[in-house]
Amino acid sequence: RRSMDMILASNPRVNAVYCMNDLLARGAIDSIEEHGLHVPEDVIVIGHDNWDIICMCRLPTITRFDNALDDIGKMAARI
């Protein structure tokens, strides 16, 4: 939240933010909404790791992608 507050303070016209995980994305969304903006209408937020409990627990849900870590782990073990 604090990082998103700083981003909005330095650039109130920011229209997208990419977060390294979904928990950070949820905090960014909270901050954006506290500033009176809407996700995704005003600011697009993308998360990275696909934690359903974080992404889907409340609105707005988080746009996210999954690294398929289970598949990578299985492939690494086979190799």
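This is a short chat about a predicted model of one protein chain.

Colleague: What should I know before we start?
Modeller: The model is predicted, so to speak of local features we need pLDDT of at least 70, and side-chain atom pairs count only at pLDDT 80 or more, while totals for chains, interfaces and linings use all residues. Residues are numbered from 1 along each chain as its sequence is written, and side-chain values use heavy atoms, with hydrogens and water left out.

Colleague: How many helices and strands are in the chain?
Modeller: Four helices and three strands. Those are DSSP runs: H or I of at least four residues for helices, E of at least two for strands, numbered from the N terminus. The pattern along the sequence is α-β-α-β-α-β-α.

Colleague: What share of the residues is buried?
Modeller: 29% of the 79 residues. Buried means under 20% relative accessible area, with a 1.4 Å probe and protein chains only.

Colleague: New topic. Which peptide bond is cis?
Modeller: The one from valine 39 to proline 40, with omega near 5°. Proline 40 sits in the loop between α2 and β2 (44-48).

Colleague: And which residues line the largest pocket?
Modeller: Among them are Arg1, Met4, Tyr18 and Leu24. A pocket is an open set of points on a 1 Å grid over the protein atoms alone, where a 1.4 Å probe fits, with protein on both sides within 12 Å along at least five of seven lines; lining residues have an atom within 4 Å of a point.

Colleague: Which element gives the most to that lining?
Modeller: α1, with four residues.

Methods
Buried < 20%, exposed > 50% of the residue type's maximum accessible area, 1.4 Å probe, protein only.
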